[in-house]
Amino acid sequence: VNRAPYPRPIVEDPSIDGKTDMQVAKEAWNGNLRRNDSRVVDIFQFQIRSEITFPEAKDKSLKFDPMMYLSLPVPKPPHRINVTVTRHDYPQADPIKRCFEI
């Protein structure tokens, strides 16, 4: 059950001017929760960071998008996939690094 009030508000992406990644991520997550607030979100959703740099315009785009799953390519064996997960309390908590052998 979505605990967010209906009708759901329109949420704009946070500006990045003069803010740390942590501040932008927190604003983006709070905006997501204004529209999608459920036990499923609490347990399974996470954010993915994407950054695009426009060198000619001397600008960049930084977004933190909510995700529910992450697709990874599965190469032909034998291969290793290194995964680094940063927790919500990063940088206070160290990233978790795992290597999966397929």
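A: Happy to! Let's start with residue classes: Ala, Val, Leu, Ile, Met, Phe, Trp, Tyr, Cys and Pro count as nonpolar, Asp, Glu, Lys and Arg as charged, and the others, Gly among them, as polar. Keep in mind as we go that this is a predicted model.

Q: By class, which residues does the lining of the second largest pocket have?

A: With those classes in hand, its lining has eight nonpolar, four polar and five charged residues. The second largest pocket holds about 220 Å³ of space.

Q: Which residues lie nearest the centre of the second largest pocket?

A: Look for D13, P14, A28, F64 and P66, which lie nearest the centre among the 17 lining residues. Two elements, α1 and β2 (59-67), each give two or more residues to this lining. Helix α1 gives the most, with six residues.

Q: Now the largest pocket: what volume does it have?

A: The largest pocket has a volume of about 970 Å³. It is lined by 23 residues, and the closest to its centre are F46, Q47, T86, R87 and H88. Elements that give two or more residues to this lining are α1 (21-35), β1 (46-54) and β3 (80-85).

Q: Which element gives the largest share of that lining?

A: That is α1, with six residues. Sorted by class, the lining of the largest pocket has twelve nonpolar, seven polar and four charged residues.

Q: Let's turn to the core. Which residues make up the largest nonpolar core?

A: First the general idea: in soluble globular proteins, nonpolar side chains tend to be buried together. Here, the largest nonpolar core has five residues: V24, A25, A28, L62 and F64. Both α1 and β2 give two or more residues to this core, and α1 has the largest share, three residues.

Q: What does A25 touch, not counting residues up to four places away in sequence?

A: Setting those neighbours aside, A25 touches Q47 and F64.

Conventions
Residues numbered from 1 in each chain as written. Predicted model: local features only at pLDDT ≥ 70, side-chain atom pairs only at ≥ 80, totals over all residues. Heavy atoms only, no water. 1 Å grid on protein atoms, 1.4 Å probe; cavity = no way out; pocket = protein on both sides within 12 Å on 5 of 7 lines; lining within 4 Å. Points joined across faces, edges and corners; volume = space filled by probe spheres on them. Helix = DSSP H or I, 4+ residues; strand = E, 2+ residues; numbered from the N terminus. Core = buried A, V, L, I, M, F, W, Y, C linked by side-chain atoms within 4.5 Å. Buried < 20%, exposed > 50% of the residue type's maximum accessible area, 1.4 Å probe, protein only. Contact = heavy atoms within 4.5 Å.
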